[in-house]
Amino acid sequence: MELLKIENNKKEYMNLLLLADPAVEAIERYLYDGELYIFKDGADTAAAAVLYPMGDGGCELKNIAVLESLQGKGIGSEFLKRLINEASKTFTHMLVGTTSPTEGFYKSLGFEYSHTIPNFFIDNYPEPVYEDGIQCVDMRCFEIMLRKFSSI
Ligand SMILES: CC(C)(COP(=O)(O)OP(=O)(O)OC[C@H]1O[C@@H](n2cnc3c(N)ncnc32)[C@H](O)[C@@H]1OP(=O)(O)O)[C@@H](O)C(=O)NCCC(=O)NCCS
């Protein structure tokens, strides 16, 4: 699998990004200022993610999505490990805001609980957001320090 940074025509990956974030308006708020990465298997794009510089030396993982037909096969974990390695060349830490069903995915890769943003999903989305049938209200954020992963 190949990790690629996309500089142009980022909108081409919108359908994939919409698997992790339900509103185009929300994605557009970070897609163009953020760094878009994709994970390719030959000609096919298996996954996409956006790293957003936070201004304090860290970055926020704003979106990570694996093609539905390829989920649950370890691709997301492999992709995030490669992103962590890539981000460690530039950033000091990586933050991610989660909905509760995906917390385990991040914890298994070394992310630790950082803080909660109350009412995030109410304040930032035009429509209620549901995950596994439960309405998302607060956002719980997890963080990983990057320097120890640096390959430089
Ligand atoms: C979340 C996502 C990126 C994980 O990628 P993936 O390739 O499916 O994950 P992996 O196969 O590498 O699984 C890694 C571990 O995370 C767990 N996991 C992955 N997705 C999960 C989910 N939605 N709920 C609960 N656990 C999940 C797996 O069970 C696995 O645990 P295990 O190793 O103990 O079996 C992918 O499922 C996805 O694109 N989901 C839709 C978009 C999304 O929710 N993105 C995250 C936004 S916060």
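Analyst: The ligand takes the space of the largest pocket, where a molecule counts as sitting in a pocket if more than half of its atoms lie within 2 Å of the grid points. A pocket is an open set of points on a 1 Å grid over the protein atoms alone, where a 1.4 Å probe fits, with protein on both sides within 12 Å along at least five of seven lines; lining residues have an atom within 4 Å of a point. This is a predicted model, in which local features need pLDDT of at least 70 and side-chain atom pairs pLDDT 80 or more, whereas totals for chains, interfaces and linings use all residues. Residues are numbered from 1 along each chain, and side-chain values use heavy atoms, without hydrogens and water.

The volume of this pocket is about 1,000 Å³. Its lining comprises 44 residues, with Leu19, Ala20, Asp21, Ile64 and Tyr106 closest to the centre. Strand β4 gives the largest share of the lining, seven residues.

Around the ligand itself stand 17 residues, of which Val66, Gly72, Gly74, Gly76 and Ser77 are the closest; a residue is included if one of its heavy atoms lies within 4 Å. At least two residues of this shell come from each of β4 (59-66), α3 (75-87) and α4 (103-107).

The protein buries 64% of the 870 Å² that the ligand exposes when taken alone (Shrake-Rupley method, 1.4 Å probe).

How values were computed:
Helix = DSSP H or I, 4+ residues; strand = E, 2+ residues; numbered from the N terminus. Points joined across faces, edges and corners; volume = space filled by probe spheres on them.
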